[in-house]
Amino acid sequence: MLRSVGYLTVCSFSSPAPQRDTMFPKGTKRKFSDSGEEPVSSGDQVPAAPSVATRSLTSSYSLQRQSLLDMSLIKLQLCHMLVEPNLCRSVLIANTVRQIQEEMTQDGTWQIMTQALAAAQCPTDRLVATEVLCRQTDAAAQAGQSPKPFSVGGLEEGYHAEEVVMEGDVETEVTMSTLAPVSPQLSSASYLAGPFVMGPCWDEDEEEEEEEEEEEDGECEEDEEDDSEDCVSEGEEADRDHLSPDSRTGEQVFGTFEIKHPAPPPDPALEELFSDVDPSYYDLDTVLTGMQSAPKMGPYDLLESLSSHGPTALSSSSSCRSDLNELDHIMEIIVGS
Amino acid sequence: VYTYITLRDHRARTWDSLRFVFLFPADIISTVEFNYSGELLATGDKGGRVVIFQHEQESKNRPHLRGEYNVYSTFQSHEPEFDYLKSLEIEEKINKIRWLPQQNAAHFLLSTNDKTIKLWKISERDKRAEGYNLKDEDGRLRDPFRITSLRVPVLMPMDLMVEASPRRIFANAHTYHINSISVNSDHETYLSADDLRINLWHLEITDRSFNIVDIKPANMEELTEVITAAECHPLQCNVFVYSSSKGTIRLCDTRAAALCDRQAKFFEEPEDPSSRSFFSEIISSISDVKFSHSGRYMMTRDYLSVKVWDLNMENRPVETYQVHEYLRSKLCSLYENDCIFDKFECCWNGSDSAIMTGSYNNFFRMFDRNTRRDITLEASRESSKPRATLKPRKVSTGGKRKKDEISVDSLDFNKKILHTAWHPKDNVIAVAATNNLYIFQDKIN
């Protein structure tokens, strides 16, 4: 028989499995009830919209698509549990996620979902979820690296291993030690971050980012009305943390990442680690942005960065929100509730 | 006696189980390769070992036997390493073995794991010098003052000893995991490919290599495609191909530029819009590419099919063979359990008239390009007793399952045949089923 992954049931794309049916309505219902009941804090909740979205989201195809999306994100997130981080596999999964995201953006379900998530409350048990999901190898933890399950800044982490010095060949690249070991979880997910995810914001201290998060909440929401393309493109270059949560619960979620590493921000650790390395060997793209990416992202911030390859992404507002409901949904699957 | 397939000459042939070998249970076979003459068959496993089998000459007393394969040499090729900077273990699993053409009495092969390629020399020793002057038979030195006469040492026959020694180690040239190595037709150079780069080596030089393909984007976030396989053209030493995870093949000419970023030819089959799904890209990812012996065609393996391409036609393959089309409706489940990422290999027979590839449930498939007939066989202990004839298998796709057919839902997806090899001259095939190696031959009725 088809071997089923421990925490997921075998699914069929032709018709949703019974387990899916019971799971989805719960999640779906929450989304729409939340979007309908929450105060119009996001500013652009249209009462009519949820019904349209409800219709499309409860269709069999949409449920399957959502299931596939969840599955893909879990695969990426839990890559660190695999013995061998497989680049080809990760690339293919990431492309699948992008594809789903693009399609969902086109039929409008993406924005609705992210808006609903933004307004959703985040129960404390989600903190447990993130603990489970953010688990990383001891080596990586010891190396002082913060866990970044979907670190945006991370990117090249896992892939960008060392460039090698070839003796006698002047033209080859200089040896550059990659930074602290990255949990494959990070490596597999990190590169998924879209081009606009990066940004120097990841180079800043955690403290700075915390402040920015709170400041930018309002900005984010405002931009959302304007189709948030600005939100996204700004996030690319601006120092604002466009992945900041816009609710206290979001901060709670992100807080778990911080709790995991209450130690000083990565910078001092990194500096110490590489104090004896000639900085000229650093490839700034990979090393600095990668290592200093703050553990601020929730597992689904990854989605936002996957909106498109280009800087002008359509799935805009999503970059300003964390996909908390997705996290909850995934936790349900994992815990088996 | 059942007749199953017709391969060449319209004579009915049956496939026999010649012999099968049990490898160490903990080791999964990761590569299988015949040498140029077919006399030797090399296997690599997950534990970094290489086991070479030799085809014994047919016995004059029993001419009906084709000759058996016996263990010729076993050695540890790669050891596990630890990358301290990344805190990642480098697996010792042998990804590929490629033989060099034989130039003297010794045999040479290249074996590679994720990071390091090694050139091994396998040589025989069946004679031993005896009658040394300075030491006696035990090896102890003799007292020079006791020596009263001199003699010339004589070569005496001894039990055959096969020695394997590493002659070259090509290391530190690949950042990503090596997936392919291929010996060039000039017999002096070879290429090695990882997920993002391809390097060209000279067999004599280990401290440098030429990077000839680099698809690593400046920004790793933009990475959407990786190299999955590469091979040198069997006759033209300046031509090689590499396949990608998006189902494309690029043919490059090393004479054109030092860095072959721009391909000379680009092979891609247009996608069928009616069958598009979220899994389309994943199943289009090419897991193996092999030139035909003639050098005129190449074959690619993606998840559900094998395609034969004419090198002169880039826009579509000339032949497409469905390996296990019945899996198309199961892609979601196969994605969930990661089977959709399995990398199957494929191979040509010596005359390029037939091709073979593996599937699940220890099934493997052979396609006759001339008659367009295909057969499914199973590599299992029950059906592979020595000299037993293999029975063709069939997977039932419809509702009604005939007797002896197996339904799709009963397939064992943990039993996958990823690695197969075909003797370059004879109809002898080697099939690796997890940790068992099966060698089959055909028997002419």
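**View 1. N86(A) puts a cap on a helix.** At the N-terminal end of α4(A), the capping residue is N86(A): one of its side-chain oxygens sits 3.1 Å from the backbone nitrogen of C88(A). Keep in mind as you look around that this is a predicted model.

**View 2. Helix α4 of chain A, from end to end.** Follow the helix through residues 87–106, which makes 20 residues in total. From the first C-alpha to the last, α4 reaches 28 Å, close to the 28 Å expected at 1.5 Å a residue. How many of its 20 residues are buried? The count is 17, so α4(A) is mostly covered, with buried meaning under 20% relative accessible area.

**View 3. D352(B) in its loop.** In chain B, look between β25 (346–348) and β26 (354–358), and you'll find D352(B) in the loop there. This residue isn't a glycine, yet its phi is positive, at about 65 degrees. Is D352(B) buried or exposed? With a relative accessible area of 9%, D352(B) is buried.

View 4. Why does N361(B) count as buried? Because its relative accessibility is 8%, and the cut-off for buried is under 20%.

Methods: Residues numbered from 1 in each chain as written. Chains lettered and ligands numbered in written order. Predicted model: local features only at pLDDT ≥ 70, side-chain atom pairs only at ≥ 80, totals over all residues. Heavy atoms only, no water. Helix = DSSP H or I, 4+ residues; strand = E, 2+ residues; numbered from the N terminus. Buried < 20%, exposed > 50% of the residue type's maximum accessible area, 1.4 Å probe, protein only. Expected span 1.5 Å × (residues − 1). Polar contact = N/O pair within 3.5 Å; in protein donor to acceptor, adjacent residues only side chain to side chain.
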